Amino acid sequence: MSTPPEPPERPQDPRPGDPPPPPNQPPPPNQPPPPNQPPPPHQPPPPGQAQGGAPAPGGPYGPGGGSGPGGPYGPGGGAPYAWPPPPARQENTTGVVVALTFAGVVLEVIVNAVLAVATLAAADGLGSHKELAVVGGAVILAAIVFGGGTLLIRHRQPWSRGLGLGLMIGWALVTILSAGFCTGVNTSLYTNGGL
């Protein structure tokens with residue numbers, strides 16, 4: 001990035017070492033008065049300036065006029081605005097999300113195994129109503145996986161997104177690979193006395 005070049009010097013620009021101009025001396029007849037100063041009382045305002053010394057709308061070269069002395073940005077030379085700051089660098093979090101998705105799948109398998117043991121223990125104690133324990137275990141597992149997964153995804157952190165997605169993907173994989181037996185989705189668990 002480079003700065004724009006300095007505008008060329010104009011004949012009326014003071015140079016270092018020049019004596020200061022005498023105060024209240026009218027400019028020569030062929031030159032306009034210095035900017036932001038009203039014209040002397042005996043002369044009409046030059047073209048491009050309104051009464052009182054203010055620039056007329058559109059600048060001294062008319063509406064849409066080109067660049068005047070000193071370049072397109074006026075006698076000051078530089079750009080009218082500073083450069084915008086560079087955009088904030090976004091961290092690449094894809095690796096974190098993918099790694100924790102696999103961790104979420106493993107966590108779901110562990111939660112599923114613990115709930116399966118608890119469901120079988122509860123079903124053993126119920127006697128003839130073992131289906132109630134299976135339904136309860138399936139509902140609790142779905143609430144943990146989908147409720148917890150949704151809350152983790154809504155937390156909007158890379159680690160929580162991956163873990164929430166992993167829980168849900170793990171439930172789907174276990175359901176497919178076990179034909180629904182391990183997640184309580186298979187209807188034969190309820191109808192044929194699968195327990």
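The lining of the second largest pocket splits into 10 nonpolar residues, five polar and no charged. Here Ala, Val, Leu, Ile, Met, Phe, Trp, Tyr, Cys and Pro count as nonpolar, Asp, Glu, Lys and Arg as charged, and the others, Gly among them, as polar. A heads-up on the source: this is a predicted model, where local features need pLDDT of at least 70, side-chain atom pairs count only at pLDDT 80 or more, and totals for chains, interfaces and linings use all residues. Residues are numbered from 1 along each chain as its sequence is written, and side-chain values use heavy atoms, with hydrogens and water left out.

**Overall layout**

- The chain has four helices and zero strands, with helices (H or I, at least four residues) and strands (E, at least two) taken as DSSP runs and numbered from the N terminus.
- Read along the sequence, that gives the pattern α-α-α-α.
- Of the 195 residues in the chain, 25% are buried; buried means under 20% relative accessible area, exposed over 50%, and partly exposed in between (1.4 Å probe, protein chains only).

**The second largest pocket**

- Its volume is about 220 Å³, a volume being the space filled by probe spheres set on grid points that are joined across faces, edges and corners.
- A pocket, on a 1 Å grid over the protein atoms alone, is an open set of points where a 1.4 Å probe fits, with protein on both sides within 12 Å along at least five of seven lines.
- The second largest pocket is lined by 15 residues (those with an atom within 4 Å of a point), and Ala116, Thr119, Phe181, Cys182 and Gly184 lie nearest its centre.
- Helix H1 (94–126) and helix H2 (130–154) are the elements that give two or more residues to this lining.
- H1 supplies the largest share of the lining, five residues.

- Asparagine 112 sits in helix H1 and counts as buried because its relative accessibility is 5%.
- Asparagine 112 and cysteine 182 are 70 residues apart in sequence, yet 7.3 Å apart in space, C-alpha to C-alpha.
- Valine 117 is also found in helix H1, but it counts as exposed because its relative accessibility is 57%.
- Valine 117 and glycine 137 are 20 residues apart in sequence and 9.8 Å apart in space, C-alpha to C-alpha.

**A nonpolar patch**

- Leu165, Ile169, Leu173, Ile176 and Leu177 make a nonpolar surface patch of about 510 Å².
- Patch members have over 30% relative accessible area and no salt bridge, and nonpolar side chains (Val, Leu, Ile, Met, Phe, Trp, Tyr) are joined within 5 Å.
- Leucine 173 has its place in helix H3 (residues 158–177) and counts as partly exposed because its relative accessibility is 42%.

**Positive phi in the loops**

- Arginine 156 is not a glycine, but has a positive phi of about 60°.
- Arginine 156 lies in the loop between H2 and H3 and, at 62% relative accessibility, counts as exposed.
- Alanine 179, also a residue other than glycine, has a positive phi near 55°.
- The loop that holds alanine 179 runs between H3 and helix H4 (188–191).

Technical notes
Patch = residues over 30% accessible without salt bridge, like charges linked within 9 Å, V, L, I, M, F, W, Y side chains within 5 Å. Areas by Shrake-Rupley, 256 points an atom, 1.4 Å probe, with all protein chains shown as cover. Salt bridge = Lys/Arg side-chain N within 4 Å of Asp/Glu carboxyl O.
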